[in-house]
Amino acid sequence: MTNFKRILFLFSFVLIAQLGFAQTEPHAFYLTWTSDPTTTMDVDWHMDEINPTTLYFRRKGTEKWHSFESDVLPYPFSPRYIHRVGIQGLKPNTEYELKFASSESVYYFRTLPKNLNNKSLKIAIGGDSMHQKEWLEKTNRVVAVQDPDFVIIGGDMAYENGLAENIQRIYDWFDAYKTTLVTADNRILPCIVAAGNHEVVGGYYTKHQGYVQNNEFRARIAPYFYSLFSFPGQPGYNVLDFGEYLSLIILDTEHSNPIPGVQTEWLTKTLEDRKNVNHKIPIYHVPGYPSVREYGDRVQTLVRETWTPIFEANGVEIAFENHDHAYKRTFPIKNMEVHEDGIIYVGDGSYGVTPRKIHSVDSTWYLNKAQSIRAFTLLTVEENRWSFVSIDEDGNVIDSFPEIPLEAKKED
């Protein structure tokens, strides 16, 4: 064989190999929202391909596929790329099918209702999700069986600490999402996240000399969080409005932003502007009312003294806290006392981590229930009321509000 023929043969072999082994399935995908979930959906998928790829999309029950070309964004410390499409103008309470690039797998998602006159929402809420991938996957599977409308993880998703050497933890978290936060009939469960200490190099902005409260500095100390999760996005705290009936307020407990100052000013205005919204629900990482850590520690005290008076002044009824690796529900609290008109704080971040020893419930004034257990909370939101059950990793109901009598639990 001549040199020319040998080169041509090798080139053809490489080309055929590349074509034959081209990536068809994304490494991972992720659904969330950056605007009203009744009419939009944000879709991410992770590929090796640097060029835009195609998302195919149609309303369920129709035949014609529509296509969107992705925006391509860098993936921190990885040869992969983030492909992102924001879909607008959808119909509320409607199912839509989608396919990624050249994949043949068909998934679907559901937009949320415009109002709750004849509907309710189910939201699976937890935090501190992955000490071990197996624990995350186990809880995810229990969540998926509950068929919630979406999932919230209140910080410490993959425990990657913002470091390049922990890239595999990010890969594992998204792989678990792809394989276990999808229902049996292929509905992808959208997810909303908040920043925790394990999203940030050093855990807290105070660990960084010369900290400046701007986008560049935040992205530098929490590179995965700001690149891979489009919501809350910069500056790390945000509000998501569901029609006019629900506002989720995502906050940053000293991880990439201080609690006092700009963030608290934003929180005050955000809640004041939503006086007429029935359900205003804050989600954040470090608890003001901890089940494990010290009540008087700095960040816990900042949450209580800075934010809870604003919650109380603006009609908040329930807030979700994390970080402590246990389950807790407080008594209703107002002015830092048990009060029938107060706010119930639920947590404490035990979705997929090693549970910790809790404070004594009997001798801790604010704790109504607490357990050292892996669990999440399934919140049901109706037009003028809410309720929840909390469920452990084996699918057992461990708590409820309003409380379900023990006999009724056994009958169920």
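A salt bridge is a side-chain nitrogen of Lys or Arg within 4 Å of a carboxyl oxygen of Asp or Glu. The model on screen is predicted.

**Stop 1: salt bridges**

Select glutamate 382 and arginine 385. The closest N and O atoms of this pair are 3.2 Å apart, and the two residues form a salt bridge. Glutamate 382 is partly exposed, at 25% relative accessibility. Arginine 385 has 55% relative accessibility and so counts as exposed, because the exposed class begins over 50%.

How many salt bridges does a search of the whole structure find? The search finds 21.

Now select lysine 60 and glutamate 95, whose side chains meet in a salt bridge at 3.6 Å, N to O. Lysine 60 sits in the loop between strand 3 (54–59) and strand 4 (66–69), while glutamate 95 belongs to strand 7 (residues 95–100), so this pair ties together parts that are 35 residues apart in sequence. Lysine 60 is partly exposed at 33% relative accessibility, and glutamate 95 is partly exposed at 29%.

Move to aspartate 241 and arginine 274, another salt bridge, with the closest N and O atoms 2.8 Å apart. Aspartate 241 is in strand 12 (residues 238–242) and arginine 274 is in the loop between helix 6 and strand 14 (279–283); the pair links distant parts of the chain, 33 residues apart. Arginine 274, at 16%, counts as buried, because buried means under 20%.

**Stop 2: two helices**

Select helix 6 (residues 262–272) and helix 7 (residues 298–313). Their axes lie 10 Å apart and the helices pack at an angle of about 10 degrees. That makes helix 6 roughly parallel to helix 7. Show the side chains where they meet: Gln263, Thr264, Leu267, Thr268 and Leu271 from helix 6, against Thr306, Trp307, Ile310 and Phe311 from helix 7.

**Stop 3: arginine 169**

Arginine 169 is in helix 3 (residues 167–180) and is partly exposed, with a relative accessible area of 24%. Leaving aside residues up to four places away in sequence, arginine 169 touches Met130, His131, Ala158 and Tyr159. Select glutamine 132 as well: its C-alpha atom is 9.3 Å from that of arginine 169, and the two residues are 37 residues apart along the chain.

**Stop 4: a surface patch**

Finish with Met336, Val338 and Trp365, a nonpolar patch on the surface with about 250 Å² of accessible area together. Methionine 336 lies in the loop between strand 17 (333–334) and strand 18 (337–338), and is partly exposed at 32% relative accessibility.

Definitions and conventions. Residues are numbered from 1 along each chain as its sequence is written. This is a predicted model: local features need pLDDT of at least 70, side-chain atom pairs count only at pLDDT 80 or more; totals for chains, interfaces and linings use all residues. Side-chain values use heavy atoms; hydrogens and water are left out. Patches are made of residues with over 30% relative accessible area and no salt bridge: like charges are joined within 9 Å, nonpolar side chains (Val, Leu, Ile, Met, Phe, Trp, Tyr) within 5 Å. Accessible areas come from the Shrake-Rupley method with a 1.4 Å probe; for residues, only the protein chains shown count as cover. Helices (H or I, at least four residues) and strands (E, at least two) are DSSP runs, numbered from the N terminus. Buried means under 20% relative accessible area, exposed over 50%, partly exposed in between (1.4 Å probe, protein chains only). Axes are lines fitted to C-alpha atoms, for helices over the stretch in contact, and angles run from 0 to 180 degrees between N-to-C directions. Angles under 35 degrees count as roughly parallel, over 145 as roughly antiparallel, 65 to 115 as roughly perpendicular and the rest as oblique. Contact means heavy atoms within 4.5 Å.
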